[in-house]
Amino acid sequence: MRIVLSHHSAVPIYEQIKEQLKASVLSGELTEDELLPSIRQLARDLKVSVITTTRAYNDLELEGFIQTVPGKGCYVKKIDGDLVRAKFLSETKTALREAVHLGKMAGLGKKELHTLLDETEA
């Protein structure tokens with residue numbers, strides 16, 4: 001597992017860690033019941049604070065990607081494909097609402113927005 005951080009990004013470090021771990025789980029690079037590095041070890045490896053890695057792990061646990069076993073560590077949970085799909089669908093709807101809002105502010109009509117969506121798919 002490789003995590004690359006950008007300290008120049010507007011995205012917070014904990015969010016970068018979380019998203020990269022999530023992507024590793026969804027891609028199958030990290031598998032069910034695989035032990036993750038401890039919070040302290042990951043913080044040392046990435047040269048970030050323990051608070052930062054704790055936040056990333058807590059968020060991943062809340063989102064259902066990992067589980068913490070007291071005294072043992074954090075493990076990758078079995079991913080429910082339907083749950084993941086529903087989450088991505090919800091995020092897609094939110095992003096589309098924002099895109100439509102921005103398009104309307106730019107004076108774009110429904111037809112122009114559809115054209116932009118079609119162009120984005122290509």
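Lys18 and Glu15 join their side chains in a salt bridge, with 3.4 Å from N to O. By salt bridge I mean a side-chain nitrogen of Lys or Arg within 4 Å of a carboxyl oxygen of Asp or Glu. Before going on, note that this is a predicted model, in which local features need pLDDT of at least 70 and side-chain atom pairs count only at pLDDT 80 or more, while totals for chains, interfaces and linings use all residues. Residues are numbered from 1 along each chain as its sequence is written, and side-chain values use heavy atoms, with hydrogens and water left out.

How far apart in helix 1 are Lys18 and Glu15? They are three residues apart in that helix, residues 13–27, so about one helical turn separates them. Helices here are DSSP runs of H or I with at least four residues, strands are runs of E with at least two, and both are numbered from the N terminus. Lys18 counts as buried, at 6% relative accessibility. The cut-offs are these: buried is under 20% relative accessible area, exposed is over 50%, and partly exposed is in between, using a 1.4 Å probe and protein chains only.

Helix 1 also holds the pair Lys22 and Glu19, again three residues apart and separated by about one helical turn. Their closest N and O atoms are 3.4 Å apart, and they form a salt bridge.

Next is helix 3, residues 50–62, where Asp59 and Arg55 sit four residues apart, about one turn of the helix. Asp59 and Arg55 form a salt bridge, with 3.7 Å between the closest N and O atoms. Asp59 is buried, with a relative accessible area of 15%, and Arg55 is partly exposed at 40%.

How many salt bridges does the structure hold? It holds six. A network of salt bridges links Glu15, Lys18, Glu19, Lys22, Arg55, Asp59 and Glu63.

Now the largest pocket. Its volume is about 270 Å³. The search uses a 1 Å grid over the protein atoms alone; a cavity is a set of points where a 1.4 Å probe fits but cannot get out, a pocket is an open set with protein on both sides within 12 Å along at least five of seven lines, and lining residues have an atom within 4 Å of a point. Which elements give two or more residues to the lining? They are helix 4 (81–105) and helix 5 (110–121). Helix 5 gives the most, with six residues. Among the lining residues are Leu96, Val100, Lys110, His114 and Thr120.

Last, the whole chain. It has five helices and two strands, and from the N terminus the order is α-α-α-β-β-α-α. Its C-alpha atoms fill a box of roughly 55 × 35 × 25 Å along the principal axes. The radius of gyration is 18 Å, while a compact globule of 122 residues would be near 14 Å. That radius is taken over C-alpha atoms, and the globule rule is 2.2 Å times the number of residues to the power 0.38. Of the 122 residues, 25% are buried.

Technical notes:
Grid points are joined across faces, edges and corners, and a volume is the space filled by probe spheres set on the points.
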